[in-house]
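Open the model in your viewer and keep the sequence panel beside it.

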Amino acid sequence: AGAGSGAGVTPGAGAVVPSFSAYPLAAVTAVGEYLMALPQQLEVLMGDEAAAAAAAGGASSPEAAALQAEAAEGDELAAEWLDKAVRGAGLLYADTLLQVRALSPSGGAQLAADAEYFCNVMSALAVAPPPALITAQLFAAAPADAFGQLADGAAAAGSADVKVLKAIAGMRGIQWTETATTAAAAASGSHGSAASDVQQQQQQQQQQALAGDEQLL
C-alpha cells in the first residue's frame, strides 16, 4: 500500500477523508480485476449462441428465430450470473471487514481506500454496493472527534449500516452507541411508512366500495 498527499474532501454522509490517501491493497485490486473480467468471460461462454444468431441474420426461418431466442436467453443468464457473483463478492467482503479487531489511523485510511475501490468496481459493473461496505468506506477514516456526530446523523437518516458503525467504532476505540434520538428517528420513519401503507389500503377499500355501488346502480 502507498500513500500520497492531497487535500481533504467531504464525500457522502459528511465523512471526511484525511489529508493523505492510501492506495488499495494488491489483494483487493486482484479481486476487483477478476470481477471486471467476468463480463468478457461470460461473453465467451455465450459466444457460440450469439455467433449462430448473428449468422442467421434477419432470416425469418423457425431455426433462425430459435437461435435468436437462445442468444437472448443466454444474455439474460450471463447478466444474472454477473449480478449474483458481484453482489455476493461485495457482501462477503463487507462481512470480512467486520472481523478486523483494531484499526489505527493509518489502518482506517487503508480500509477506507480498499472499500472505496471495491465500491467503484461494483458500480462499474452496474451492481449497487451493499450499505455495509459504503458505511465502512465513509467511517473507517472519519475524524475521531466528529465520528459520533457523523454516525448519529447518518444512522438517523438511514444512510448507514448501524451494525457496521458500531463495529468500526469498536475497532477504532471510539465510544459510540445508537442514541435514543437516532432510534426514535428510525422508528418514526418506519411508523410513517406503515401509516402510509394503511392509508393506501383504506383508499383502495373505498374505491372498491364505490365501484360496487356503481354496479348496483
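Trace the chain from the N terminus and the order is β-β-α-α-α-α-α-α-α-α.

A word on the source. This is a predicted model, where local features need pLDDT of at least 70 and side-chain atom pairs count only at pLDDT 80 or more, while totals for chains, interfaces and linings use all residues. Residues are numbered from 1 along each chain as its sequence is written, and side-chain values use heavy atoms, with hydrogens and water left out.

Stop 1: Of the 217 residues in the protein, 29% are buried. Buried means under 20% relative accessible area, exposed means over 50%, and partly exposed lies in between (1.4 Å probe, protein chains only). In soluble globular proteins, nonpolar side chains tend to be buried together. Now select Leu35, Val86, Phe118, Leu133, Phe139, Phe147 and Leu165: in the largest nonpolar core, which has 42 residues, these touch the most other members. Such a core is a set of buried Ala, Val, Leu, Ile, Met, Phe, Trp, Tyr and Cys residues joined through side-chain atoms within 4.5 Å.

**Stop 2: Phe139.** Which residues does Phe139 touch, not counting those up to four places away in sequence? They are Phe147, Leu150, Ala151, Ala154, Ala160, Leu165, Ile168 and Arg172. Contact means heavy atoms within 4.5 Å.

**Stop 3: helix H6.** Select 144-157. H6 has 14 residues. Its buried residues are Phe147, Leu150, Ala151, Ala154 and Ala155. Just after H6, find Gly158, with a positive phi of about 75°.

**Stop 4: Arg172.** Arg172 is in helix H7. Is Arg172 buried or partly exposed? At 21% relative accessibility, Arg172 counts as partly exposed. Beyond its neighbours within four places in sequence, its contacts include Leu103, Phe139, Ala140 and Phe147. Finish by drawing a line from Arg172 to Ala140: their C-alpha atoms are separated by 8.2 Å, though they lie 32 residues apart along the chain.

How values were computed: Helices (H or I, at least four residues) and strands (E, at least two) are DSSP runs, numbered from the N terminus. The expected span of a helix is 1.5 Å times one less than its number of residues.
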